[in-house]
Amino acid sequence: MRHWKFALPAAVLIAFPVAVHAQGTGGTASSAEVESDRLAAATQLVSLMLPATQRDAMVDQMMQSIMSTMIASIKGQPEIASALEQPKVEAVFNRFLDRQRQLASDQLKAEMPGMLTAMSRAYARRFTSPQLAELHAFFDTPTGQLYARESSGILSDPDIVEWQRNLMTKSFARYPDEIKALVNELEHALAEPVEEPKA
């Protein structure tokens with residue numbers, strides 16, 4: 001089996017979770033209950049930070065930024081770039097990427113209510129009622145509203161895009177050694193040779 005037939009889907013499977021995980025907050029998960037007054041204040045705050053009229057546009061902007069960086073990193077891999085020189089392969093791969101971008105965006109929009117609830121609980125858990133009131137006051141100002149509108153677009157800033165691209169390039173650099181290690185471990189576990197993808 002030609003190496004690109006293995007590398008192309010494998011690179012996508014590796015990159016998609018990496019790209020999405022990179023957007024996490026890194027906070028400590030907790031199932032602790034929160035006070036009802038704090039939760040109510042946090043819910044109002046989250047609604048102010050993510051206005052209903054702007055949510056879909058924010059999601060589209062965020063996913064475009066994430067996917068563009070990820071796709072550039074995938075296509076920058078030598079074996080993949082070589083495979084994409086074939087017009088038919090490139091066309092199929094581009095359709096696949098467009099489909100994944102749309103599916104990810106649609107899914108995030110559909111799951112938005114759950115995210116808003118989770119964010120409200122997270123804010124209520126981390127901030128006191130007076131602090132939530134201060135945050136609400138800020139996001140109710142023109143500067144606060146501008147921040148809310150522009151915060152998702154920060155991900156597409158050239159400096160951040162370059163940082164993300166470098167991060168993915170370094171991640172992909174580990175790929176050949178990691179595949180080799182996987183093959184070696186499988187051979188050891190199965191006690192029989194495993195064919196390694198050939199270049």
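This note goes through the predicted model point by point, from confidence to folding pattern, cores and charged pairs.

1. **Ground rules.** The model is predicted: local features need pLDDT of at least 70, side-chain atom pairs count only at pLDDT 80 or more, and totals for chains, interfaces and linings use all residues. Residues are numbered from 1 along each chain as its sequence is written, and side-chain values use heavy atoms, with hydrogens and water left out.

2. **Confidence overall.** pLDDT is the predictor's confidence in each residue, from 0 to 100. The protein chain averages 78. A score of at least 70 is reached by 79% of the residues. Among the elements, helix α7 (residues 129–139) has the highest mean pLDDT, 95. Helix α1 (residues 3–21) has the lowest, 50.

3. **Elements.** The protein chain has 10 helices and 0 strands. Both are DSSP runs, numbered from the N terminus: helices are H or I with at least four residues, strands are E with at least two. Take the contacts between residues at least 6 apart in sequence: 80% of them join residues at least 24 apart.

4. **Burial and surface.** Of the 199 residues in the protein chain, 29% are buried. Buried means under 20% relative accessible area, exposed over 50%, and partly exposed in between (1.4 Å probe, protein chains only). The chain exposes about 12600 Å². Carbon and sulfur atoms supply 59% of that area. Areas come from the Shrake-Rupley method with a 1.4 Å probe; for residues, only the protein chains shown count as cover.

5. **Main core.** The largest nonpolar core has 20 residues. Such a core is a set of buried Ala, Val, Leu, Ile, Met, Phe, Trp, Tyr and Cys residues joined through side-chain atoms within 4.5 Å. Met70 and Ile74 touch the most other members. At least two residues each come from α3, α4 (78–83), α5, α6 (112–126) and α9 (158–173). Helix α3 gives the most, with 8 residues.

6. **Second core.** A separate core holds 8 residues. Val34, Met49, Ala124 and Phe139 are among them.

7. **Helix α5.** This helix has 24 residues. Val89, Phe93, Leu97, Gln100 and Ser105 are buried in α5. Gln100 has 19% relative accessibility.

8. The structure holds 2 salt bridges (a side-chain nitrogen of Lys or Arg within 4 Å of a carboxyl oxygen of Asp or Glu). One pairs Asp60 with Lys109, with the closest N and O atoms 3.0 Å apart. Asp60 lies in α3 (residues 55–75) and Lys109 in α5 (residues 87–110), so the pair ties together parts 49 residues apart in sequence. Asp60 is partly exposed at 37% relative accessibility. Lys109 is partly exposed at 25%.

9. Asp98 is partly exposed, at 45% relative accessibility.

Key
Expected span 1.5 Å × (residues − 1). Contact = heavy atoms within 4.5 Å.
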